[in-house]
Every structure is written in structure tokens, then in C-alpha cells.
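Please view the sequence and the structure together before reading on.

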Amino acid sequence: MQSVTVELEAASTMELVNALSTIATELASREAPESAAACLELTETLVAASDKQESALAAFIGRVDATKEQARWGYPSTQAWLRSRLGMRDNRAKERLTLARQRRRLPQVAEQLAAGELSYGYAVTVADSVSRLDDHDCAEAEATLLGFVDQGFSAGKVAAFGRRIRDLIAERDDTEDAPDEDSRRGYDKSWLTTTRSLDGGRYVKGWLNPEDAAIWDGTLAPLAKPAGLDDRRDLPERTAAALSSVLSGGHKASKVTVICDLDTLTGGNAPARLTDGTPIPAAQARRIALAAGVSPLLLGRGNTPLYLGYRERFASAAQRQVLETLYSSCAVRGCEVPGTLCEVDHVHGWALGRSPTDIDQLALTCGWHNRFKHTNPDQIQIGKDHDGRYVYRLLPPADARGPATGTGPPGSIGPPDNPALDWAA
């Protein structure tokens, strides 16, 4: 039996977490007391302590999410990290991420959760209810929902109030609004609006009339189904992946063209551009030139076109069919994006068509990991399983690896080893 001695005020956060882990290990190894009354009391005490731990966990996850630290380790999102690395079920991962993101906007909830005056269940209920509100309405909603908690309503009932929180705030303040612009638009014609975000992404909002909705459902619904029991993505994630697959045409070449100098593609710093003149940094141009559906137009001296990506660069329909049979999901271990929604990846890279598009040199990777692989080649270990399929293993960032093993110091959060895989040298 290990002993634990910690001076609480002097201990670092890491020392406290390690002490808690040691105590939890010892507690888990013990049999439950014979007395049912004692077990009831112990359960209530332990759950209250666990709720306080959730407060600290929300702070840790929030810092990881805000700094995008998980991307350095090869995970496309914080939720993917929680699912794949920490083994959380999708609903629990979403709950914890929502609480972590809303914690800053919910000072009363954060304070009461940390003090043990509010349960984790109530905290995540309030956080989920305010996640789509602006800061002003968020403050109003926090006070309103905590008022329901004080009145003794269950977490389920508070969640029901949360689903109509805008109406509750308007009723309380007597500020019912006129129908919004979307409602005034009517429902006869389909419409979509998109807004570019600061990081280059897009927010999409819209409405589909019944006819267009039927086309949407008939096209995307089959692709958005879970790939199997291990597919833990939620429906919005699967739908976005399905839409991206349809828009890009899968393995087919699209009309997207990146115009760049030969020196840029081979390591130079001169920026590239899209056909509409949008500038693209050299490093990004090299990365997206490797993506399925993008053709690089190379220019020599005097802007003379030298090369436009050949169709042979892309896998044929027959080759993709074989790959989808071999790869039920992304080749990156732990990634659950179905193979049908993945891109064809040239395992050893592709440049100027010199790398053959042969079936034994191809694998399937999701779009995010395809880009990550070519941007961070030192964090991908390529091997094969016993059936000859390529398996990509994520490695920790260079600054987090141990000198001996290269996979991180003791206690690091690098990907765990799997002895069932036969890694290639």
C-alpha cells in the first residue's frame, strides 16, 4: 500500500493530480463495505467530490481547447481527443467540452461547482442551454436557470426550461421580439448564407424547402450513417463529413486550382494564389496541393505554365473501391472517419506526378489527417498490420518525446503502444 503525503497549499497542480490518482487507484482496489447504508453515504460523498474534480477538469480541457494543443498531438478537435485518447463516450465528451467552453461566461456556475454547491449535472445542463446565446442573454439565462435549481427542479426539468430559455427571458423582461428575419423570409424557397470566419472556415446557415430537403436526405443521409459500433462521431460531424465528400467528389478531381511557381512547390517562399487572386502562403500551397480534388498549376519564368496536375495523380474508381474494402476507416489509428468519406493518400507523398498512383502505395485518410501528415511528417509513424494495410500511428510533438523511446516521458499523454501492430522500420 502506497502512502500519500501532500501539503495542499505548497503542492503543485501536478502533485495534487498525482496524489489524487494514487488515492483513486487504492480506492478502486477495495471491496465495497457490507453495510448498504454506509455505501449510500459513501456514494453521496464520492459523487460530491467527483463534481469538484469536474470543475478542475473543465479548466484543464478549456485550456487545451483554447490553445488547440490537441492539434499538435494529431487530433483534429478537442472532442476527438477526448473520445480517442481518453476513451470518453461521445455524449460525455460533448458535455465536458461544452462546460469547458462556457465556463468563462458562467461565473456563478463555475464558482458553485468548484465549491461543491452545484452538481456536475446541473452545471452541464446550464452550459448546454446557454451555448447558443450571446453574452447578454447568457448572463440572463444563467440567473434564470440557477433560480430553477434553487427552487428544487430536477436537472431534466431545468434542461427543458433551457430549451426555451429565450422565450423565458423575453416573458420575464416583457421584451418579446417580432418575428426574426429568417421567419419573415418564408418557407417556399430554399436559401443559404455563408460567412467566412477569421481562420478561413465558413459558418453556414440556411433553409431547404421540402423538395430540396428530400434531395439533401437522399444524398447525404446514407453517407451520414454511423460507420459501425465504433463510430462515435455525432450526427452534425457525420453530416459535415458527408457534405464535404459529396462536394469534393471523393477521389475525383475538382475545379479547384492552385497557381504557384515551381520553386514554391519544391520548398520556396513565394506565395501561390487561387484563380480568383486570393493569395496562399507557400507552406499552405504545398499542403493543399496534396489534397484530393486540387490541381497545382506550376508556372516557370515569365509565368509560363509548366505543369497542370494529371488525372493519373488521383486514384481510379476501381482503386478507390479496393481501398474502401481494405480501409473501413481512416488509416490513422484511433480515427473513426469512415473510409467512404476519406481521401486517397499517397503514403510516401506526391510531387509533380513522379510518385506512382499504385494500389500498394495508397491508403485512405480523412481530410484533416491527410493535411496533418504532410505538415507534420515527423509525427506520423507508418507501419503495416498483419493484413498488409498501412497504419499511421500518431507520435507526440518533438518537444514532448522522451530521449530514449521517442514516445514521451513516463506519465506523458502520448499515444499508447499496441503490440498487435507490426510496425515497419
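The text below treats overall features, then the cores, then charged pairs.

This is a predicted model, in which local features need pLDDT of at least 70 and side-chain atom pairs count only at pLDDT 80 or more, while totals for chains, interfaces and linings use all residues. Residues are numbered from 1 along each chain as its sequence is written, and side-chain values use heavy atoms, with hydrogens and water left out.

**Overall features**

The protein chain has 17 helices and 11 strands; these are DSSP runs numbered from the N terminus, with helices being H or I of at least four residues and strands being E of at least two. Of its 425 residues, 36% are buried, where buried means under 20% relative accessible area, exposed over 50% and partly exposed in between, with a 1.4 Å probe and protein chains only. Its accessible surface is about 25,600 Å², and carbon and sulfur atoms account for 54% of that area (Shrake-Rupley method, 1.4 Å probe). Contacts (heavy atoms within 4.5 Å) between residues at least 6 apart in sequence join residues at least 24 apart in 52% of cases.

**Nonpolar cores**

A nonpolar core is a set of buried Ala, Val, Leu, Ile, Met, Phe, Trp, Tyr and Cys residues joined through side-chain atoms within 4.5 Å. The largest has 31 residues, of which Leu82, Tyr327, Ala363 and Tyr392 touch the most other members. Helices α2 (36-67), α4 (78-84) and α5 (90-102) and strands β9 (362-365) and β11 (390-394) each contribute at least two residues to this core. A second, separate core of 23 residues includes Ala123, Leu133, Leu145 and Phe148. Beyond its neighbours within four places in sequence, Leu82 is in contact with Ile61, Gly87, Met88, Ala93 and Leu97.

**Salt bridges**

The structure holds 12 salt bridges, each a side-chain nitrogen of Lys or Arg within 4 Å of a carboxyl oxygen of Asp or Glu. Three of these pairs are listed here.

| Pair | N to O distance |
|---|---|
| Glu54 and Arg96 | 2.6 Å |
| Arg72 and Asp399 | 3.1 Å |
| Arg83 and Glu237 | 3.3 Å |

Arg83, in helix α4, and Glu237, in helix α13 (residues 235-248), lie 154 residues apart. Arg83 is buried at 8% relative accessibility, whereas Glu237 is partly exposed at 26%. Arg72 is partly exposed at 32%, and Asp399 is exposed at 61%. Arg72 and Asp399 also belong to a salt-bridge network with Glu69.
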